[in-house]
Amino acid sequence: MGFARACSVALVGVEGVVVEVQADLEPGVAAFTLVGLPDKSLVESRDRVRAAVVNSGAEWPQKKLTVGLSPASVPKSGSGFDLAVACAVLGAAERIDPKDIADLVLIGELGLDGRVRPVRGVLPAVLAAAEAGYRQVVVPEQTAGEASLVPGVSVLGVRSLRQLIAVLTNEPVPEEEPAPEGSPDAMLAGLMVPGAGVGTGLALEPVDGPDLADVAGQRKARTALEVAAAGGHHLLLHGPPGAGKTMLAERLPGVLPPLTRRESLEVTAVHSVAGILPPGEPLVRTPPYCAPHHSATMQSLVGGGNGLPRPGAVSLAHRGVLFLDETPEFSGKALDALRQPLESGHVVVARSAGVVRLPARFLMVLAANPCPCGRHTLHGAGCECPPSAIRRYQARLSGPLLDRVDLRVGVEPVDRGDLLGQGGRGEPTAAVAARVRAARERTAARLQGTPWTVNSEVPGHELRTRWPVAAGALAAAERDMERGLLTARGLDRVLRVAWTIADLAGRDRPQEYDVDLALELRTGISRGVPTAVGGGGQ
C-alpha cells in the first residue's frame, strides 16, 4: 500500500482555500476514484492525469487508486488540480519521494501529452498559499511571472510533467520546445475566457488613451471630473446627445493616480480569476475602465453565473472607473443592485452553490439624456416626447441610487466658438492629473492612521466632529437641508466634496466657497461662485 499527498488551491470568488490532495494505492482491481466534492471538469481530470503520466514516461500504477481532496466540504472546480493529483499519484507509486511534495503547492492543468497548461486565478491562489504558510509553489511557465508577484514565495515554472518529475528526482531536466515565435500558442487558451473582456467594455491601459485637451468647452463638467478623481466621488453627467458625456468619462482613468502595489495586486487577482489578464502582463498598474452595454443583466454587473458566482462589472472596475452610458436604459433591478457596493466597497453574491464576497470599490460615472429622444433641453430642437414619457424616463434613476452620487452636472451643447476655436480647449490630462495627485497626497496626510484613503470613504460623523469646516461655511447647506433639498446623507456627501475641493485648492479646511461649489455640483442650483476648484475663498 502506498500513500502520498500534495497541495493545491480551490478558489471561491477571489479568495483561495488550500486543498490537500491525497492519493492512496491498495491491492485490487485497477480503478481510479476521485472524491472530495469535485465538479465536472475536475472529475474529468482522471483521464487527463492518466494519459499525461503515461505520455511523460512514467508507469501508471495498476492498483486500486483513491484520490481525496480535503477539506471535502469546500466545492472544487476547474482543471487547476491536475498537477497536484498527478504528483500525489506518482508519490504513492514511489516514482517520486512523497516527502518532496508533501508541502508543495501545485497549480496547473495537464494536457494528454503531459504538457502543463496555464489556468486562471494563479495570483489569488498563490496569495492564499502564502497566507497559509506555504513557501514553495509550482505553476505553469506562462503564469510564473504572475505567481512571482507574491513576496516570500519560491516559484517554479514548468512546461511539462516530465520536467517536474526530473526536478523532483534530481534527474537531467528535458528541454521542451516552446511555440515558434509569431505563431499562435494554444497553451494560452486557458488564460483568456472568450468574451470576458468584450462583454464588459474593459480597457486595461487608459493612460496612453485620449487626452482631456480634446474636450472642447464644458468647464463645469471638467471641474466635476477633477473633483471626482481627487476625492473618489461618483458622478452623473446629464445632457443632450453629442455634448461630450462619453468623452469626459473615457478620459477619467487617465486623471486617476497610478495604482499602489497593494491595489495592483487586488485588481490583478480579480482580472486573473475573470480570465481577462493579458498574457505577458502579470501586473495591472493602471486603473481599469469598464463600460458595460446598457443591455447588461444584473448578474453581469454585480456578479453571478452557474455554480459559484463569478466577478461582474463592478468587480472588474475595482480601483478604477465603471461607466454606465445611457444609464436610464439599464434595467432598474440592475441599477438598484449597485447601491450596496457603492456604500461598502464590496459585493456579496449568494447562490445555492455558495456565497462569494468580491471587491468592488470603484468610481462610478453615469451618463443620461434628458428624455428618450435626447432633445428635451434644446431650444428649437423639436422634442416630441410627452411629459409623461419624460417623467418615466427620468424616474428610471431611483432616488436611493442618485442619493449616493455626489456630483450631478449638466453637460450643455458645445457652442461653435469652443468647438472650432482654440479658446475652448482646456488643460491636458497630465496637468489635471498632477493636481489630483497633489490633492490625494494632502488627503492621505490628513487621514493617516485611519482606515480611509480618500474623502468619499470618510463617514459623515467623523467629518462633522473630527474635521470641522470653517465657521459659517455650512450656512447654505443647512438652509437646503431645512428646505428638503438635501437629506442627511446628502449633507455628509456635500461635506466630503467640500473637503476634496479644499484639498485641490491647497486649503487646510473647507471655506464657504468650497461648500457652495460642492452644493452647486450636487444640486445643480447655481450659487454664484466660479466653477473652478481654485477660485475664491482664500
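**Reading cut-offs in a predicted model**

Trainee: Why does Arg404 count as buried?

Mentor: Set the value against the cut-off. Arg404 has 11% relative accessibility. Buried means under 20% relative accessible area, exposed over 50%, and partly exposed in between, with a 1.4 Å probe and protein chains only. So Arg404 is buried. Keep in mind that this is a predicted model, where local features need pLDDT of at least 70, side-chain atom pairs count only at pLDDT 80 or more, and totals for chains, interfaces and linings use all residues. Residues are numbered from 1 along each chain as its sequence is written, and side-chain values use heavy atoms, with hydrogens and water left out.

Trainee: What makes Glu343 and Arg404 a salt bridge?

Mentor: The rule asks for a side-chain nitrogen of Lys or Arg within 4 Å of a carboxyl oxygen of Asp or Glu. The closest N and O atoms of Glu343 and Arg404 are 3.4 Å apart. That is within the limit, so the pair counts. Glu343 itself is partly exposed, at 40% relative accessibility.

Trainee: Why can we say that this pair ties together separate parts?

Mentor: Look at where each partner sits. Glu343 lies in helix α14 (residues 339–344), and Arg404 in the loop between α16 (399–402) and β17 (407–410), so the pair joins parts 61 residues apart in sequence. Helices (H or I, at least four residues) and strands (E, at least two) are DSSP runs, numbered from the N terminus. Glu343 and Arg404 also belong to a network of salt bridges, with Asp403, Asp406, Arg489, Arg493 and Arg522.

Trainee: How do you know that Glu457 and Arg361 form a salt bridge?

Mentor: Their closest N and O atoms are 3.8 Å apart. Glu457 is buried at 19%, while Arg361 is partly exposed at 29%. By this rule the count comes to 28 salt bridges.

Trainee: What makes Ser315 buried, and what does Ser315 touch?

Mentor: Ser315 has 1% relative accessibility, so it falls under the cut-off. The residue is in helix α12 (residues 313–316). Contact means heavy atoms within 4.5 Å. Leaving aside neighbours within four places in sequence, Ser315 is in contact with Val270, Val347, Leu358, Pro359 and Ala360. The C-alpha atoms of Ser315 and Val270 are separated by 7.0 Å, though the two are 45 residues apart along the chain.

Trainee: What makes a group of residues a nonpolar core?

Mentor: Such a core is a set of buried Ala, Val, Leu, Ile, Met, Phe, Trp, Tyr and Cys residues joined through side-chain atoms within 4.5 Å. The largest core here has 57 residues. Val227, Leu235, Leu237, Val365, Val515 and Leu521 touch the most other members. Helix α21 (residues 488–505) gives the largest share, 8 residues. A second, separate core has 41 residues, including Ala10 and Leu65.
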